[in-house]
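Come along and check each entry against the picture.

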Amino acid sequence: MSEHVIIYTDGACRGNPGPGGWGALLRSGTRVLELSGAERATTNNRMELMGAIQALEALKQPSQVTLFTDSQYVQKGISEWLVGWIARGWRTAGKTPVKNADLWQRLQAAEAPHEVAWRWVKGHSGVPENEAVDRLANLAIDVLLGG
C-alpha cells in the first residue's frame, strides 16, 4: 500500500425514488479531489453507494484508505452484512434478494485492491468534509435538473 487516502462520501435524493446525486472528497497529503454525479431516477441508498464506488474507482493504485460515510446502510453493509449476503447467494437473512446487489458487487470490486477502514460519521453535524460532500451531491442534482 503506497499512500494513505482520506475519503468522505455522501448521497442525496429529491424524492425517494427521484433525482439523486452523490459526492466524494479524496485527500492524500496536500492533494484534494472532488467528484460528483447524478441520476434522474434513483434512490438515496443507491446514491450513497455510488459516492463510495466512484471514490474508490478513482484511485490509481492500491492504497490505504479511511472512508467516511454518513450512511449506516453503506458502512454496515460493507463491514457486516456483505459476507452473509454472499454466502446466501445474494439473499438477505429473510431469504429475499439483496436490494442494490449490482452496486454492492461493484463496491466490493472497487474496494478489493485497497485496505479500507470504513467509518460512520453523523450527517449534518458540522463535520466540514461531510458538509462539503453533501453540497457536492446536491449541486449535482441541481445541475442535472438544470437549476
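**Entry 1: a term to start with.** Before anything else I wrote down that contact means heavy atoms within 4.5 Å. I also noted that angles run from 0 to 180 degrees between N-to-C directions. The model I am looking at is predicted.

**Entry 2: a helix over strands.** With those terms ready, I looked up what α4 lies across. I found that α4 lies across β1, β2 and β3. Its direction is at about 140° to β2.

**Entry 3: the sheet.** In what order do the five strands of the open sheet come? I read the order as β3-β2-β1-β4-β5, with mixed pairing. The edge strands are β3 and β5 (115-120), and each of them pairs on one side only. On average, neighbouring strands of this sheet are turned by 20° against each other, with direction ignored.

**Entry 4: strand β1.** I then followed β1, which covers residues 4-13. Is this strand mostly covered or mostly open? Mostly covered: seven of its 10 residues are buried. To read that, I needed the cut-off, since buried means under 20% relative accessible area.

**Entry 5: the neighbours of β1.** I looked at strand β4 (residues 64-69), which runs parallel to β1 and is joined to it by six bridges. Within this pairing, Tyr8 has Phe68 as its bridge partner, and Thr9 stands opposite Thr69.

Next I turned to strand β2 (residues 18-28), which pairs with β1 in the antiparallel sense over eight bridges. Here Gly11 stands opposite Trp22 in β2. The hairpin of β1 and β2 has four residues between the strands, and Gly15 takes a positive phi near 90° there.

- Arg31 and Glu3 meet through their side chains at 2.5 Å, N to O. Arg31 lies in strand β3 (residues 31-42) and Glu3 in the segment before β1, so this pair ties together parts that are 28 residues apart in sequence. Arg31 is exposed, with a relative accessible area of 52%; the cut-off for exposed is over 50%.
- Arg14 and Asp142 form a salt bridge at 2.9 Å, N to O. Arg14 sits in the loop between β1 and β2, while Asp142 belongs to helix α4 (residues 128-144), so the pair ties together parts that are 128 residues apart in sequence. Arg14 counts as partly exposed at 34% relative accessibility, and Asp142 is also partly exposed, at 27%.
- Arg106 and Glu57 meet in a salt bridge at 2.9 Å, N to O. This pair links distant parts of the chain, with Arg106 in helix α3 (residues 101-111) and Glu57 in helix α1 (residues 44-58), 49 residues apart. Arg106 is partly exposed at 31% relative accessibility, and Glu57 is partly exposed at 39%.

**Entry 6: looking back.** I ended where I began, with α4. This helix lies across β1, β2 and β3, and its Asp142 reaches a salt bridge with Arg14.

Notes
Residues are numbered from 1 along each chain as its sequence is written. This is a predicted model: local features need pLDDT of at least 70, side-chain atom pairs count only at pLDDT 80 or more; totals for chains, interfaces and linings use all residues. Side-chain values use heavy atoms; hydrogens and water are left out. Buried means under 20% relative accessible area, exposed over 50%, partly exposed in between (1.4 Å probe, protein chains only). Helices (H or I, at least four residues) and strands (E, at least two) are DSSP runs, numbered from the N terminus. Two strands pair if DSSP finds at least two bridges between them. A salt bridge is a side-chain nitrogen of Lys or Arg within 4 Å of a carboxyl oxygen of Asp or Glu.
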